[in-house]
Structures are given as C-alpha cells and as structure tokens.
Amino acid sequence: MLGHARLVLAWAFIAVQSGTALKTEVLRAAEVEDAFVALHVKLHSTVAGLREQFNNNNGELRQAPVLPLLGKFQHGLERLLSDTMYTKDRRAALAELRSADASVQRLISSYSTWEASRRSHSLSTDSGILLEVAKVATSLETQLSQMKKAFQARKYSNEKRLKALRILVSASATKSNKDALHREEKYINELSAKRSKQFTKIRSVLDAVNNKDSKLLFGFVRAVHDATVNDDLHAMAIQ
C-alpha cells in the first residue's frame, strides 16, 4: 500500500509539474505575441513618419541628396513588416523585428541625447550611426548594381529594335516607319538620360557615406529620428 501511495504521489507531482510547464509555455507564447505586435506597430509608425516627411514641406526631402539612402532604409523596414506580418513563427519574426528596432535606436540615440541637451554641444557621428548607415549603403550599392544590369539588358533589347527599324526605314521610308523610328530613338534617349541621372544621384550618396560626409549623415539621422518621435500619431499597424 505504501508503495502504491508513493507511486500515486509521484504521478500527481509529475502532472502538476507538466501543467505548470504548459501554463508557463502558453504564457510565454502570449508574451511573444504581445511583443511582436508592439514592435510591429512601432516600426510601422517609423515607416509612416518617413512617408509623412517625404510628402511634407512641398516635397523638399524628395529633392535632398540623402533621399536614396532614406528610401532604401524605409523600403527595408517595409519589406520586413510585410514578410513578418502573417508569419507563423512569431519567435523568429520577433527576433528580426528586435534587430530592426535596435538598428533604429543606434541611429537615433545620439541625436535624441543631443536634442535633450538643447543642442548644447556639437552632435558627433558615433560608431553606431556609421555602422547602420554603412549597412543601408551596402544594400543600396547592391541595388544600384542590379539596376545597372537591368538597364543594360533593356537598352540592348531596345537597340536591337532600333536597328531593325532603321533597316525597315531604309527599305521603306514611309511616314509610319519613320515615326516609329523617331519614337524609339526618343524613348531610348530619354530613358538613358533618366537612368544616368538616377545612377549618378545614388553614386553621389554612396560616395558621401564612404567619405563620412557630416551633412548627409546628419540629414539621414535627423529624418529617422523625426520619424520616430510621433509614434502615437502614426500607430495604425496591423489592426
């Protein structure tokens, strides 16, 4: 009987422990979900803040040299939010969101401290800012390379069409054929000019990052900081 009683007590203890472990795991899952939602809202607010800046002040930021860098940073956050919104592995998604939030904090912490001091000293570009800006610049450089390859492929295709049209016009110089040739030449020239301007602007930003241009870095950090200060106004995430 004593042995039986001990066995019953042992099983009861195991059952209690298992129930407690299960309850703890459920609680942890709930905490993960809460943290996931909170960070999703927070980063979504930062993206909304950047968009708001792009559209304010008569679009002045859209003409600023720092725009390609800011745009790449914004798109990176947008892609992360989109990729994680419906993921089933919340823990992995939470880790990614925390990493992105840490990047934002590294960018703005010095600026926030500077603002809190009423700008009583010069704002220095610390290693955290340089690290995060370099990461965005590397991603932007990869994009630039891809854009150039895509443009070359498209240009090659258009030039083949242009060559065919020239042969056609030399054989039959009708108004229709000449108009088609003129349109193709105009299209190629306009596209080449547009892409050249775009590539030059991006390259200029990348060179400024490599040279640690203080004006560009300040503009980037300030824009990210300003995008985060009105989170309550932008918090319209996954509801």
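Contact here means heavy atoms within 4.5 Å. Keep that cut-off in mind for the helix packing below. The model is predicted.

Start with the overall fold. The protein has eight helices and zero strands. Along the sequence the pattern reads α-α-α-α-α-α-α-α. Of the 239 residues, 34% are buried. Take the contacts with a separation of 6 or more: 75% of them join residues 24 or more positions apart.

Now look at helix α4, residues 90-116. This helix has a kink of about 40 degrees, centred on I108. Just after α4, R118 adopts a positive phi of about 60 degrees. R90 lies over the face of F36, and the distance to the ring centre is 3.9 Å.

Next, follow α4 to its partner, helix α7, which spans residues 214-228. The two helices pack with their axes 9 Å apart, at an angle of about 90 degrees. An angle of 65 to 115 degrees counts as roughly perpendicular, so α4 and α7 are roughly perpendicular to each other. On the α4 side, the residues in contact are V104, L107, I108, Y111, S112, W114 and E115. They meet F218, F220, V221, R222, V224, H225 and T228 of α7.

Aromatic rings come next. A pair of aromatic rings is described by the distance of the centres and the angle of the planes. The structure holds five aromatic pairs. One of them joins Y111 and W114, with centres 5.3 Å apart and 65 degrees between the planes. This pair is edge-to-face. Why are Y111 and W114 about one helical turn apart? They are three residues apart in helix α4, so about one turn separates them. An α-helix has 3.6 residues a turn, so residues three or four places apart point the same way. Both Y111 and W114 are buried. With F218, they form one aromatic cluster.

A second pair is F151 with F199. Their ring centres are 6.1 Å apart and their planes lie at 75 degrees, so this pair is edge-to-face. F151 sits in helix α5 (residues 127-171) and F199 in helix α6 (residues 175-210), so the pair ties together parts 48 residues apart in sequence. F151 is buried, at 10% relative accessible area. F199 is buried too, with a relative accessible area of 10%.

Stay with helix α5 for V136. Is V136 buried or exposed? At 10% relative accessibility, V136 counts as buried. Leaving out residues up to four places away in sequence, V136 touches L69, K72, F73 and F220. V136 and Q74 are 62 residues apart in sequence, and their C-alpha atoms are 9.9 Å apart in space.

Finish at a loop. P65 lies between α2 (60-63) and α3 (67-85). P65 counts as exposed, at 58% relative accessibility. Which residues does P65 touch, not counting residues up to four places away in sequence? They are V205 and L216. P65 and L216 are 151 residues apart along the chain, and 7.4 Å separates their C-alpha atoms.

Technical notes
Residues are numbered from 1 along each chain as its sequence is written. This is a predicted model: local features need pLDDT of at least 70, side-chain atom pairs count only at pLDDT 80 or more; totals for chains, interfaces and linings use all residues. Side-chain values use heavy atoms; hydrogens and water are left out. Rings of Phe, Tyr and Trp (its six-membered ring) pair if their centres lie within 6.5 Å; planes under 30 degrees apart count as stacked, over 60 as edge-to-face and the rest as tilted. Helices (H or I, at least four residues) and strands (E, at least two) are DSSP runs, numbered from the N terminus. Buried means under 20% relative accessible area, exposed over 50%, partly exposed in between (1.4 Å probe, protein chains only). A charge sits over a ring if NZ of Lys or CZ of Arg is within 6 Å of the ring centre and within 35 degrees of the ring normal. The bend at a residue is the angle between axes fitted to the seven residues ending there and the seven starting there. Axes are lines fitted to C-alpha atoms, for helices over the stretch in contact, and angles run from 0 to 180 degrees between N-to-C directions. Angles under 35 degrees count as roughly parallel, over 145 as roughly antiparallel, 65 to 115 as roughly perpendicular and the rest as oblique.
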